[in-house]
Amino acid sequence: MSSNAAYSPTTTSPNLVQNEPLFDKGYPKTLNGLVKTLQMVLLMIAFLCVATHTIGDGYFQSATIWWFFMVLIFFLLYFFRVPKRITMIHWPLTELIFYVIGTIFVLTASITLASRTHGYAALIVGLIFGFMATGAFIYNGWLAFSMWRTPSAQPAETV
């Protein structure tokens with residue numbers, strides 16, 4: 001009697017999402033995707049305004065370009081559905097911490113630049129976009145906080 005002949009083991013991992021496309025075409029149209037896109041545009045404009053000026057602030061430039069790439073990385077993570085594939089990381093909490101730190105750095109860089117503008121138009125425009133990017137960081141941090149505090153945002157247990 002061969003009871004083992006009918007047994008065929010399956011080797012599927014519970015963390016992998018089956019039959020989903022590699023990327024999420026709808027993510028850039030969601031509120032989080034739009035706010036991340038807005039952040040990247042504001043940070044790039046702020047960086048370019050200050051970088052084209054000869055008396056530009058190095059801290060402001062490095063903070064804006066650094067956080068531009070960090071937001072781009074988070075955008076790409078969500079665009080390629082990485083949080084659905086790697087469920088051991090609590091993504092809303094990770095994003096909340098990311099935005100709190102980003103808000104502190106961009107706000108500090110904007111305040112530092114505000115003390116050095118001396119009436120130069122390019123620096124003032126860069127400063128305005130830096131403060132607008134700070135506002136976008138605060139708003140996206142609030143979105144991450146509300147997602148973190150919502151019970152349905154917790155990673156689902158798979159059986």
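Predicted model: local features only at pLDDT ≥ 70, side-chain atom pairs only at ≥ 80, totals over all residues.

Modeller: The unreviewed UniProt entry lists residues 33-53, 59-80, 92-114 and 120-139 under "transmembrane region".

Biologist: How much helix and strand is there over residues 33-53?

Modeller: That span is 90% helix and 0% strand, and its end C-alpha atoms lie 31 Å apart.

Biologist: And what about residues 59-80?

Modeller: Residues 59-80 are 95% helix and 0% strand, with the end C-alpha atoms 31 Å apart.

Biologist: How many helices and strands does the protein chain have?

Modeller: Five helices and zero strands. Read from the N terminus, the order is α-α-α-α-α.

Biologist: Let's take H4. What span should it have, and what does it have?

Modeller: H4 covers residues 91-114, which is 24 residues, so at 1.5 Å a residue it should span 34 Å. The end C-alpha atoms are 34 Å apart, which agrees.

Biologist: Which residues of H4 are buried?

Modeller: Trp91, Pro92, Glu95, Leu96, Phe98, Tyr99, Gly102, Thr103, Val106, Ala109, Ser110 and Leu113.

Biologist: Why would residues three or four places apart point the same way?

Modeller: Because an α-helix has 3.6 residues a turn.

Biologist: What do the buried residues of H4 pack against?

Modeller: Helix H1 (31-51), helix H2 (58-79), helix H3 (82-85) and helix H5 (121-149).

Biologist: On to H5, then. What is its reach?

Modeller: H5 has 29 residues and runs 42 Å from first C-alpha to last, close to the 42 Å expected at 1.5 Å a residue. Its buried residues include Leu123, Gly126, Leu127, Gly130, Phe137 and Asn140. The cover over the buried residues of H5 includes H1, H2 and H4.

Biologist: Why does Arg81 count as buried?

Modeller: Because its relative accessibility is 13%, and the cut-off for buried is under 20%.

Biologist: What does Arg81 touch?

Modeller: Leaving out residues up to four places away in sequence, Arg81 touches Glu20, Pro21, Leu22, Phe23 and Asp24.

Biologist: And Phe23, where is that found?

Modeller: In the segment before H1. Phe23 is partly exposed, at 32% relative accessible area. With Leu22, Leu76 and Phe80, Phe23 forms a nonpolar patch on the surface, and together the four have about 340 Å² of accessible area.

Biologist: What about Pro83?

Modeller: Pro83 is in helix H3. It is buried, with a relative accessible area of 15%. Not counting residues up to four places away in sequence, Pro83 touches Leu77, Tyr78 and Trp91; Trp91 is also one of the buried residues of H4.

Biologist: Last thing, the chain as a whole. How much of it counts as buried?

Modeller: Of its 159 residues, 33%. The chain exposes about 9700 Å², and carbon and sulfur atoms supply 71% of that.

Biologist: And what share of the contacts join residues at least 24 apart?

Modeller: 78%, among contacts between residues at least 6 apart in sequence.

Note on methods
Residues numbered from 1 in each chain as written. Heavy atoms only, no water. Helix = DSSP H or I, 4+ residues; strand = E, 2+ residues; numbered from the N terminus. Expected span 1.5 Å × (residues − 1). Buried < 20%, exposed > 50% of the residue type's maximum accessible area, 1.4 Å probe, protein only. Contact = heavy atoms within 4.5 Å. UniProt positions renumbered as here; feature names shortened; annotations may be inferred. Areas by Shrake-Rupley, 256 points an atom, 1.4 Å probe, with all protein chains shown as cover. Patch = residues over 30% accessible without salt bridge, like charges linked within 9 Å, V, L, I, M, F, W, Y side chains within 5 Å. Salt bridge = Lys/Arg side-chain N within 4 Å of Asp/Glu carboxyl O.
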